[in-house]
Amino acid sequence: MSPQHEDSQSQASPLAPEWLSVPADLNALEPKMWAQDAARNDSGELTVGGIPVSELQQQYGTPLFVMSEDDFRARARAFSDAFNNAFADICGGVDVYYAGKSFLCTAVVRWVEEEGLRLDTASGGELAVAAKAGIPGADVALHGNNKSDLEIHRALDMKLGRIVVDSLGELVRVGDIAQRRGEQAKVMLRLTPGVHAHTHEFIATAHEDQKFGLSMAADTTEQAGLSAAEEAVAAASAHPGIELLGLHCHIGSQIFEPDGFALAAQKLLRFLAAMQEKYSIVLPELDLGGGYGIAYTPVDTPRPASEIAEAMAAVVRSTCAELGIDAPRISIEPGRAIVGSTTFTLYEVGTLKTVRVDAPAADASDAGNNVTYPRRYVSVDGGMSDNARPVLYDADYSAILASRTSAAGPQLSRVVGKHCESGDIVVRDVYLPEDVAAGDLLAVPGTGAYCWALSSNYNYLARPGVVAVRDGSARLIVRGETEEDLLNRDMGV
């Protein structure tokens, strides 16, 4: 081994971010980032459910979303079991709603129902998927800050278990539509508790200056000084077309710290108790949302479902005791935490290019001098059309060489897509073997949530298919698009 090669194995590149270290073994799988049935076989190839990725590529092509059905079901059960156990003595258990916006198709809806969970939707299209899958409307919720009349009618047609109302204007519309139909809409009020979640600005959703929810802050410009949340409670209780179930909040996504969840729960329980005292209104349900983080990189530290459940139960138990109220029925909405790590995206490597980048010298003796260091660009056959999260939120991911193992040293790499955008980056910084070459397969873990859901046809790339693996067999649950699909809506001149 040459000194240069030895140095590349032992030292991190000065171009790498501080959190990224050189892996001790480039061929190892970090368990928290992968489905439980992902492994390398005796030949060194990545497998899921015992199926090598090369077989999946031959049958379905790349890019390809590869999902472990067993892992999805296990994570769904883990949330259901953990929260039901933690809240059994408080409110008899918890209703777990899978947040379908993270990834939804009819197969997933059926898994959700079979594992005893309910379904959270955010549009008429997601309701259509739910209806096609046959899940009872009573087990479905509808979110959204700007529901159309058609979506409200569909929710009532399906006899949804809850419509989560986002504003005073929408509350009146929902109630009026239901009243004209001679019905009552089952409504939850989404409140903004003013909690700052420790996450990216674009996925923090409980502070005041954003589009979601009814503010809990008193409006001092009005004579009564009521908050929008309190006005909504009074209006909903008086509207003949509304059955007010309770309150809802969601503080954001990809959150690891427990403080925000605890503070939001306390604020909503205190508000609930205040409404009970002031208006003699008992609100029987409280939804504390979701947003639990997962591991996209080795330094991410997600908490197990049981730990989250026990921490939240302790807050609800103590706050209800302090307020002297009976605990409402609690519900939660995990999405990413169930589906995110079940899936990886499989790509084929194409063009490789190494550039030289100026950076401060790594050697203290050269302080003040810039030195050029290599950064390798590894192009794959997908990109921002199948994973928009890096360009939207600066999201970090990792990657491994999936078609084989390698004894080569590590090289700092940037995995990029094939789109005509310099921001088309799949993995900004990752150490990959020096001998990665065109034709190799790369796997990017943690792509189950918000990747397929945000996918596009930019540059007229067809959106990838989704393959579910279980018990050593694979099947398409979402067919990949074809060029014919891309042209079907083009009406010509």
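Q: What does buried mean in this predicted model, in terms of relative accessible area?
A: The accessible area is computed with a 1.4 Å probe, on protein chains only. Exposed means over 50%, partly exposed lies in between, and buried means under 20%.

Q: Which pLDDT do side-chain atom pairs need in order to count?
A: Residues are numbered from 1 along each chain as its sequence is written, and side-chain values use heavy atoms, leaving out hydrogens and water. This is a predicted model, in which totals for chains, interfaces and linings use all residues, local features need pLDDT of at least 70, and side-chain atom pairs count only at pLDDT 80 or more.

Q: Which residues have the most contacts inside the largest nonpolar core?
A: A nonpolar core is a set of buried Ala, Val, Leu, Ile, Met, Phe, Trp, Tyr and Cys residues joined through side-chain atoms within 4.5 Å. The largest one has 110 residues, and those with the most contacts inside it are Phe83, Phe87, Tyr98, Phe103, Leu189 and Ile477.

Q: Is Asp287 buried or exposed?
A: Asp287 belongs to strand β12. Leaving out residues up to four places away in sequence, its contacts include Arg162, His248 and Glu333. Its relative accessibility is 0%, so Asp287 counts as buried.

Q: Which residue is the bridge partner of Ala359 in β15?
A: Two strands pair if DSSP finds at least two bridges between them. Strands β14 (343-360) and β15 (370-380) pair in the antiparallel sense over 10 bridges. In β15, the residue that bridges to Ala359 is Val371.

Q: Which residue in β17 stands opposite Ser379?
A: Strand β15 is also joined to β17 (410-416), by 4 bridges, and these two run parallel. The β17 residue opposite Ser379 is Val416.

Q: Which are the edge strands of the open sheet of 3 strands?
A: This sheet has the order β1-β2-β3, with antiparallel pairing. Strand β1 is joined to β2 (46-48) by 3 bridges. The edge strands each pair on one side only, and they are β1 (38-40) and β3 (51-52).

Q: What is the omega of the peptide bond that joins Thr62 and Pro63?
A: Most peptide bonds are trans. Pro63 sits in the loop between α2 (53-60) and β4 (64-68). The bond between Thr62 and Pro63 is cis, with an omega of about -5 degrees.

Q: What is the relative accessible area of Ser280?
A: Ser280 is in the loop between α9 (259-279) and β12 (285-287). Ser280 is not a glycine, yet it has a positive phi of about 55 degrees. Ser280 is exposed, because its relative accessible area is 65%.

Conventions:
Contact = heavy atoms within 4.5 Å.
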